[in-house]
Amino acid sequence: MSETQTPERAPRPSIRGRLLAWLLGALVVADVVMGGAAYLRAHQDLDDLLDYQLKQLAFSLSRQSLGSVPVLPGTPSPEPDFITQVWDRDGVLMFYSRPNMAIPMRPRPGFSNMDWNGQSWRVFTQLDGVRIIQVAHPLSLRREMAADFARRAVTPLLALLPLLAIGIWIVVGRALKPLSSISAALRARTPASLQPLPHEDLPDELVPLVGALNDLLQRLQQAMELQRQFVGDAAHELRSPLTAVQLQLSLLKRASDAQERASAIERLERGVQRSNRLVQQLLTLARQDPQVPDAATESVDMNQIARELVSDFEPQAALNQQTLRLDPATEPVLVRGEHDALRVMLSNLIDNALRYTPAHGSVIVRTRRDGPQALIEVEDSGPGIPPEQRLRVFDRFYRVPRAAAEEGSGLGLAIVKRVAQRHAGEVSLDDAGAGTGLKVSVRLPAFAPPASR
Amino acid sequence: MRLLLVEDDNMIGEAVRAGLRQEGFTVDWVREAEQGDVALRTEPYALLLLDLGLPRKSGLAWLRELRRRGEATPVLVITARDAVADRIAGLDGGADDYLVKPFDLDELAARVRAVLRRHGGRAAPLLQHGELTLDPATRRATWKGQPVALSAREYALLAALLERPGAILSRAQLEQRLYGWGEEVESNAVEVHIHHLRRKLGADTIRNVRGLGYTLAKPE
């Protein structure tokens, strides 16, 4: 069936071949059993019938006078079917049907089996006062007859076996036809066309298979769709910083004096930085894609990451006259996950907070162990986000309409959410504790190393 | 020539405003459709530069709304959406032209001029009145075949008068055309500019209609 042929490969088991072998084998066994049963049954019937005949023969002989019957050999029959012998009271043989078959006289009347002359015999002996009548019959004959009967019962089915084989071959082939139509339909699927396989007219047995395949196709399609959307969004979003850069470059070219040129260069630099940041964040987001398999996970101390990041961001905050403060938990706040991703997540949160916080404002980074969860909070004294927009800010490229805000990529919180989700955590937005401002809380399952238990 | 720019991106807005100012336009810049609405109702604009990707209300929806209520200001749409369907939707929604990001500042200026020209019912790129010729692309003026050196304000004032020859423009109207938001207007600025123009082009070129304003004299 397969078109790709691997050389020297053991033949694949085929459903059709197996079914054929098993069905034919079962038929042959059934036929043999039937033949055996027929043999036994026929043998029993023949026993009854022939015993009865032996008895009848003996009785009929006892009723007729043997005067007219020649004492010496009667008409020899070609087959030793029944051998009849008559003795008188003194044991003198008066009559025998077969000259060369002198079966010894049985002393007891009635049926008996005996071996004589290399054959097994069924013998009926009768005493009728004056004579002893003995009728015998070879048991081998009975076996032959029963075997013949059994043979006749078995033969027709065996003769039909080739025909049955052809029939089974065809029927099984027909029944398996939907399989090849499914594989043809599957082969027609491409990343661009992942519509579900048709499942009407399918045999019951194949419905679960096609159902599972359709589930897979649907998941694939969703993943492709997400990817397509992401690429489309990214292309769209890249245009803005690039437009800014191009316009700033035009202004630089037009600049007529040193002061204009300096300010144009400064603007251009900001535009390039912005494009750079957007590309960085797009890459981060793509790496945190749910489709990408997990990187190695390890035990990560969020306290440690927070400490590092706060000291990294400190100069920037100082430059903008903002206060950046760390309020760490007293114990390590351990999380099981990807160190770099968790660092990017917290870095985005702090960066966002500083970006939207005005001069003389403050940003607090807090880590806590909250029961089974690790809690990381970043609180700023910026303008906050109105509750009705808090859900949308997690959308990729969504920017809160704020005139005074520095251009963000619109990806920061999307990255935060994605990383949190990958670590089975969640992100929530609240008003800051005091006055205006935003508090972003990330809750991740805390990790307790086995040794500390 | 006063333009209204509606653009939510700070960097792009800043650069477009700076670039168009260098081209001699007066540019007012708002970041949202709602603010644009207010601006359109209070100031006469020669053209609306509209970014479609606005927060809150989409630029396209706002454009349709404007056209429905009879707003006739020509609109040049700036957008990052480059699909043919988007362009068609934009033009059919009431845009006069469509510029896809990223774009060049010179092209933007040229398109602005083209839209303004078409909107004024002119095909020729030059503004002419008698012996006076203005070239909006280079912002150069010639008077009787000789180039005349004009300041940016003088040029803008002359262009305003030349756009519809015969129309009388009041001092307030001319001020609106010349000065954007936040620019200081000295009380006699228009008179000063007119005075300079008359010195360069001859005293009879610009007539003062008492109580109404200024207009160009009919060519001899």
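**Strand E1 of chain B**

Mentor: Strand E1 (residues 2-6) of chain B is mostly covered, with 5 of its 5 residues buried; a residue counts as buried if 20 or more other C-beta atoms, placed from the backbone, lie within 10 Å of its own, and strands are DSSP runs of E of at least two residues, numbered from the N terminus. The model is predicted, so local features need pLDDT of at least 70 and side-chain atom pairs pLDDT 80 or more, while totals for chains, interfaces and linings use all residues. Residues are numbered from 1 along each chain as its sequence is written, and chains are lettered from A in the order in which they are written.

Trainee: Which residues of E1(B) lie on one side and which on the other?

Mentor: In a regular strand the side chains alternate between the two faces of the sheet. Here B:Arg2, B:Leu4 and B:Val6 are on one side, with B:Leu3 and B:Leu5 on the other, and all are buried.

Trainee: Which strand does E1(B) join through 5 bridges?

Mentor: Two strands pair if DSSP finds at least two bridges between them. E1(B) runs parallel to strand E2 (residues 26-30) of chain B, joined by 5 bridges, and B:Arg2 stands opposite B:Thr26 in E2(B). E1(B) also pairs in the parallel sense with strand E3 (residues 47-51) of chain B over 4 bridges, where B:Val6 stands opposite B:Leu50.

Conventions. Buried ≥ 20, exposed ≤ 12 C-beta atoms within 10 Å, placed from the backbone.
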